[in-house]
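Please consult the sequence and coordinates alongside the text.

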Amino acid sequence: MIETKTYLYNTLTKKVEEFIPNEEGKVAMYTCGPTVYHYAHIGNLRSYIMEDVLEKYLRFVGYDVKRVMNITDVGHLTSDGDTGEDKMLAGAKREHKSVMDIARYYTDAFMQDCEKLCIKKPDVVEPATNCIAEFIHMIEVLLEKGYAYIAGENVYFDTSKLKQYYVLSAQKEEELQVGVREDVEEDTNKKNKTDFVLWFTKSKFDNQELKWDSPWGVGYPGWHIECSCISIKHLGEYMDIHCGGVDNIFPHHTNEIAQSESYIGHKWCNYWFHVNHLNTKGGKMSKSSGEFLTVSLLEEKGYDPMVYRMFCLSSHYRKPLEFSYEGLDNVAATYDKLIKRLQNLSEEGEIETDKVREYEKKFSEALGNDINTSSAITVLYDMLKEEMEDATKRHLTARFDEVLSLGLTKAFEKEEVDEELAAYVERMIEERKQAKKEKNFARADEIRDQLGKEGIVLKDTREGTLWSKE
């Protein structure tokens, strides 16, 4: 284990504090997964990239991490005020498919995007529809304990029974709109406007495709209940880190805390890690406004997904990040230069263990300071500038990329050489060398330019002229 302390900003306490897990050497970590009714846009994926770095950093310094993620394939309504229709049903109507067909298709699409962005698949990925029995059990316990009530044939959580309902969001009741975040029609079944649905019945959504028998009638679970049940099912009653985007703080994560701690009877999760929005000049990125930016769209425009990952890592996760193609172009140029720089490192020399220890510590300390990815990238550049064996630089680059996951080690992969192309380039290099001897610099430049148009880059060194393919 690398000797370093980890400090994280904890949304629960509103401050940066030292991370100390419940069980020494082990981390129980939960990620709010996608609602699979459409493709994930790159704003959604910023959160998963930064959560991926957090997990990989914890593994890098020696923790045994178990990470769980849900897949919301039922229960997430188009409004956070428990109104509107299920997003999955809306997606099915849009594409004239069944809800489960939509869920399977967009779950696969999400996983493919994660793979392109080098986001590690969590140890457990659980669809909500797998856990209906667990949802019903938790709701039954909440009813028995007096934290829930039945009204209009739906089951609601009673937020008035809690002393600190706003513990995560620090909001005040009088600041809230009816229906929580959206100005929607009030649900008259609720005793309090902040109460939320644990179970919907057929009385409310007869057109819902996915429905199950329950003690309260045929229906389906609310959105908030699934994360509580899935995390407790796989991680137990004590969790170290819960992750998500800042838009999940209220009401989703606030409601998770309310129902989880009422169910288990003690504090549930110690650290809450929230990633800020990716914005455009017009504001927060969403599926319903402006150009729908996906990983596939960036690829169609010629961008390597690693460039978008580096774009995200160049900024702190708690700051809003503004997306622009100009900004992405700048990062693309920086990334290409970095890969070329790494390609020029030789395999010769010994790995210097003292330098490895020194820079692994610097890298860990940068990330241990509230996952400061831009500082970690600076450590990478500082290492490449320092006088040390190329073999050491290659080794450290590979180690750092276990966390950064920018595809840096591809620079060390040897391409199969096209012998015919190699012979041609060597002939041209020899002709250019002869032209220089004869002081025919115009011809020498002409040869360089010609090779450049063919994707061949020349580099003049003391040892001679080296070449590579772009």
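A disulfide is a pair of cysteine sulfur atoms within 2.5 Å. By this criterion the structure holds 0 disulfides. This is a predicted model, in which local features need pLDDT of at least 70 and side-chain atom pairs count only at pLDDT 80 or more, whereas totals for chains, interfaces and linings use all residues. Residues are numbered from 1 along each chain as its sequence is written, and side-chain values use heavy atoms, with hydrogens and water left out.

Cys131 is buried, at 0% relative accessibility, and Cys243 is buried with a relative accessible area of 0%; buried means under 20% relative accessible area, exposed over 50%, and partly exposed in between (1.4 Å probe, protein chains only).

A nonpolar core is a set of buried Ala, Val, Leu, Ile, Met, Phe, Trp, Tyr and Cys residues joined through side-chain atoms within 4.5 Å. The largest one has 136 residues, and Ile241 and Tyr308 have the most contacts inside it. Leaving aside residues up to four places away in sequence, Ile241 touches residues including Leu8, Phe19, Cys269 and Phe273, where contact means heavy atoms within 4.5 Å.

Confidence is expressed as pLDDT, the predictor's confidence in each residue, from 0 to 100. The chain has a mean pLDDT of 90, and 92% of its residues reach 70 or more. Over residues 174-184, however, the pLDDT is below 50; this stretch has 27 contacts in the model beyond near neighbours in sequence.
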